Amino acid sequence: MDIGRVSVVDVMELPLLNDLYQFTMAYGYWRSGRHREAAEFELFFREAPFNGCFTLFCGLEETLRFLLDFRFSSADLEYLASVLPPSVDRRFFDYLETVDASEVTLAAFPEGSVVFPREPLMKVRGPLLVVQLLETTLLCLVNYASLVATNAARFRLVAGPDKRLLEMGLRRAQGPDGGLSASKYCYIGGFDCTSNVLAGRRFGIPVAGTVAHSYVASFTSTDEVQDQALQPASGQEGGVDFLSLSQSWLAKVCHLLQIPPQSTNPGELAAFVSYAIAFPLNFLVVVDTYSVMMSGIPNFCAVALALQDLGYTAVGVRLDSGDLARQSVEIRRIFKLCGERFEAPCFGTLSIAVSNNISEKSLKLLTREENKIDVIGVGTHLVTCTLQPSLGCVYKLVQVNNQPRIKISEDQEKSTIPGSKAVYRLYNCSGEHLPATHPCWFSVCTGLLLTTHYWTS
């Protein structure tokens, strides 16, 4: 079956990205002559995610683009007619061909705003049929975007302002569209960069990445470094035998660290030398393919010192296993020792990056310990939102023809507050925000139940 080729971004612009029951309701409105009645829906969530107290509102940009492009093609309507009951009046599809979102007004918080439960993140006004058809798509665009941005913000709060955070979850994301969304909204949530190259291109997010264990493990001997020459940074003609230079430095580093030279892995050294020749300005490698202290760090230091001899400055190392905090402290001590003994100022600026299936919980434990970590890479627990896979935003009708509408449910928390609402922020005399459970909110909420307010954002 040929299903065509639709990019993950284009598919979010199609009006058929919807649930079938939205179209059955739309037909019911049209059939009863109510499709043009003025209606208002509110999009909100009932509880903050991750047992927290706030959410970052995201998805507005995609929502606006979706509304601007909202219209049905002939092919859309032909397919829709094939899945709706044959009793549906064909004039309904003729009407849908004229439908767009030009009469829809949207009021919302700015992208990335801190929001709280039961606040209307979006107020959507327009013809009843149209704003009903928007429900599923708007929820799809806002739910995951806000959830992953909030998750990223929580990681940032735990890490603190000084450590760089790298989002690297593409390979674990829920499909390519989830991977792109995660990269974008983790950046909004406070991450510094992403490993996702396509996200970098599409959204202008800084991209970062170095070398994986497979590259290091692919070398077994220094004989596999076929091109051993590296030209000095000064541009001096003629390359230097960089492998021999690195080997001579390795002997000195092992002596300093009191490590037998034979304990270092020659294949790892070959990999580091090869990578340094390829990227002399961006030399950052993973050092735990074998033994961090007995091989990875000595080999790295040797290559970094060789680079310095030729006028280059190494960037740093990455750890992907073991006790990350303890190892970072020991590595920083070795860097300081090498810098002082070999008069190598570049060792004072070397970066230590870590990864290893980091979650919010493990990051809290990590930051409580003494550590010398500069960069933290987070993947699975960030983009999949392991602690809570869904934000649970809902889209509820609050008024039709300026008359309030309410949903009364057997489950009290699912009951809605009728009527159009305004959003207030209450602060005490110290400038602290008061939570919605504070008694001062009672008079405000009472007013919301009885009065139609203008939206403020």
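**Words and their cut-offs**

Modeller: Gln-258 lies in the loop between H10 and H11, where helices (H or I, at least four residues) and strands (E, at least two) are DSSP runs, numbered from the N terminus. This is a predicted model, in which local features need pLDDT of at least 70, side-chain atom pairs count only at pLDDT 80 or more, and totals for chains, interfaces and linings use all residues. Residues are numbered from 1 along each chain as its sequence is written, and side-chain values use heavy atoms, with hydrogens and water left out.

Colleague: Why is Gln-258 called exposed?

Modeller: Exposed means over 50% relative accessible area, buried under 20%, and partly exposed in between (1.4 Å probe, protein chains only). Gln-258 has a relative accessible area of 74%, and therefore counts as exposed.

Colleague: What is the phi of Gln-258?

Modeller: Phi of Gln-258 is near 60 degrees, a positive value in a residue other than glycine. Most residues other than glycine have a negative phi.

Colleague: Why are H6 and H7 called oblique to each other?

Modeller: Helix H6 (residues 135-159) and helix H7 (residues 175-188) pack at an angle of about 50 degrees. Angles under 35 degrees count as roughly parallel, over 145 as roughly antiparallel, 65 to 115 as roughly perpendicular and the rest as oblique, so H6 and H7 are oblique to each other.

Colleague: What makes H11 mostly covered?

Modeller: In H11, 11 of its 13 residues are buried, among them Phe-272 and Tyr-275.

Definitions and conventions
Axes are lines fitted to C-alpha atoms, for helices over the stretch in contact, and angles run from 0 to 180 degrees between N-to-C directions.
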